[in-house]
Amino acid sequence: MKESPYALERDLGMQYYATSTPGIGGTLRTVPEDFIVDEIPLAGKGKTTGPYLICRLTKTNWELQHAVKEIARRLNISHRRIGWAGTKDRNARTTQLISLYKVTPEDIAAFSLKDITLEPVGQSNEQLSLGDLEGNRFAICIRNADPEDLAGRVAAVTGAASQALPNYFGLQRFGVIRPLTHRIGELILHGDYEQAVVTYVGLAFPHETDEVRRVRTAFMDTRDPAVALRELPVQMSFERSMLSYLHAHPGDHAGALRQLPPKLLSMFVSAFQSYLFNCALSHRLAEGHTLTDPVPGDRLIFANGRTDAVTTANLPAVTLHLARGRCSIALFMPGKEETDAVTGNNAIRDILADRQITAENFRSAAAFVRIKFDGTWRPISLKTSVDASVEETNVHLKFTLPPGHYATTVCREYMKADPIRMV
């Protein structure tokens, strides 16, 4: 195990690597085709009849929420009529299924948008929802890696990936250029909608352009939506939607937040849950526990979602189940229900207490966002069989991950580089 030296990763709870070998460095996503994602759909999707047209969406260098909004605009429908199973990377070439309510194949035939293609594949009687996928296949190229013993270092991490890597939520879960979604989520949990809007619109980050940082900072100082609306670039549609609403409805910050797509709004709160998980996982590793060796008090999650507790009495049997891949050690991501899974986890309990967040805050946020925030268990480790090859100073990786697992979590283990080089 090795500690991350990067402040951004530590701030997001990603404090450790599983391997202690030196990183290969390099850069991800020199071009979008260096990061290819193909969704593995659930069997039978698009094979029935119904009002939902199922299409294969292929996009290059598009953030999904912006792509959906633009697709809806071109088709002259509400973005709420579009559903999807998983959120894919922006700086990449990605393929996935989406559902479109009461849209016809003829509508799709007339559709045209740069770097986006839609291909009808069938109909369904229900909308695609988050999680309706088997997983994702990745084909990734890390360019300009450190040539010293490159093959050896790649082999070391490849071996570790087949056993266990920390199942962190990756940087893109929190925002790539502006890693603040968990901050917005925490503000929503506290009902501080004004500060949530001001932070989303006004908090500037170093890798934005000088002009955008200037406008954001000015809005943070003056909170004048008219000036910011006049000066923000037109492509910053989410900020502009909130500012337009505030300009027409001064002081209604809750209404301004609700101008965002519901799924994006819900992602703020779930990002805070993700932050809690990362912190709790790092806390476990800091205490000297491994990803695969159970200790009494741990919880297990099985493939069917069932959970069980580790005790001194069942420790030998649990160890055998883990070795055979029947279950994984898991941590609980808290939500709107009171549970011993929170009170029994020191790291999460302490963070929640320090920030004065209870199950009631999650219930209030669920009512505001109109999406449930039930607590859920998540495995602390991921493992995958990586097909890795080295071509001069470029490293090619092919692997598959289940839903909700991050390819960048695998890549960071190889690279051990400044996270900005992965975006």
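How many nonpolar, polar and charged residues does the lining of the second largest pocket have by class? Before the answer, the ground rules. This is a predicted model, where local features need pLDDT of at least 70, side-chain atom pairs count only at pLDDT 80 or more, and totals for chains, interfaces and linings use all residues. Residues are numbered from 1 along each chain as its sequence is written, and side-chain values use heavy atoms, with hydrogens and water left out.

Now the answer: the lining has 11 nonpolar, nine polar and two charged residues. Here Ala, Val, Leu, Ile, Met, Phe, Trp, Tyr, Cys and Pro count as nonpolar, Asp, Glu, Lys and Arg as charged, and the others, Gly among them, as polar. A pocket is an open set of points on a 1 Å grid over the protein atoms alone, where a 1.4 Å probe fits, with protein on both sides within 12 Å along at least five of seven lines; lining residues have an atom within 4 Å of a point. This one holds about 590 Å³ of space, a volume being the space filled by probe spheres set on the points. Of its 22 lining residues, Gly325, Cys327, Ser328, Ser381 and Lys383 lie nearest the centre. Strand E13 (327-333) is among the elements that give two or more residues to the lining, and the largest share, three residues, comes from E13. Helices (H or I, at least four residues) and strands (E, at least two) are DSSP runs, numbered from the N terminus.

Next, the helices. Helix H6 (residues 193-202) and helix H9 (residues 237-248) have axes that come within 10 Å and cross at roughly 135°. Axes are lines fitted to C-alpha atoms, for helices over the stretch in contact, with angles from 0 to 180 degrees between N-to-C directions. The pair is therefore oblique; under 35 degrees counts as roughly parallel, over 145 as roughly antiparallel, 65 to 115 as roughly perpendicular, and the rest as oblique. Val197, Tyr200 and Val201 of H6 make the contact with Phe238, Glu239, Met242, Leu243 and Leu246 of H9, contact meaning heavy atoms within 4.5 Å. By class, that is seven nonpolar, no polar and one charged residues.

H9 also packs with helix H2 (residues 64-75), at an angle of about 70° and with the axes 11 Å apart. That makes H2 roughly perpendicular to H9. Gln65, His66 and Lys69 in H2 meet Ser237, Phe238 and Ser241 in H9, a contact of one nonpolar, four polar and one charged residues.

Last, helix H5 (residues 181-189) packs with H6 at about 165°, axes 8 Å apart, which makes H5 roughly antiparallel to H6.
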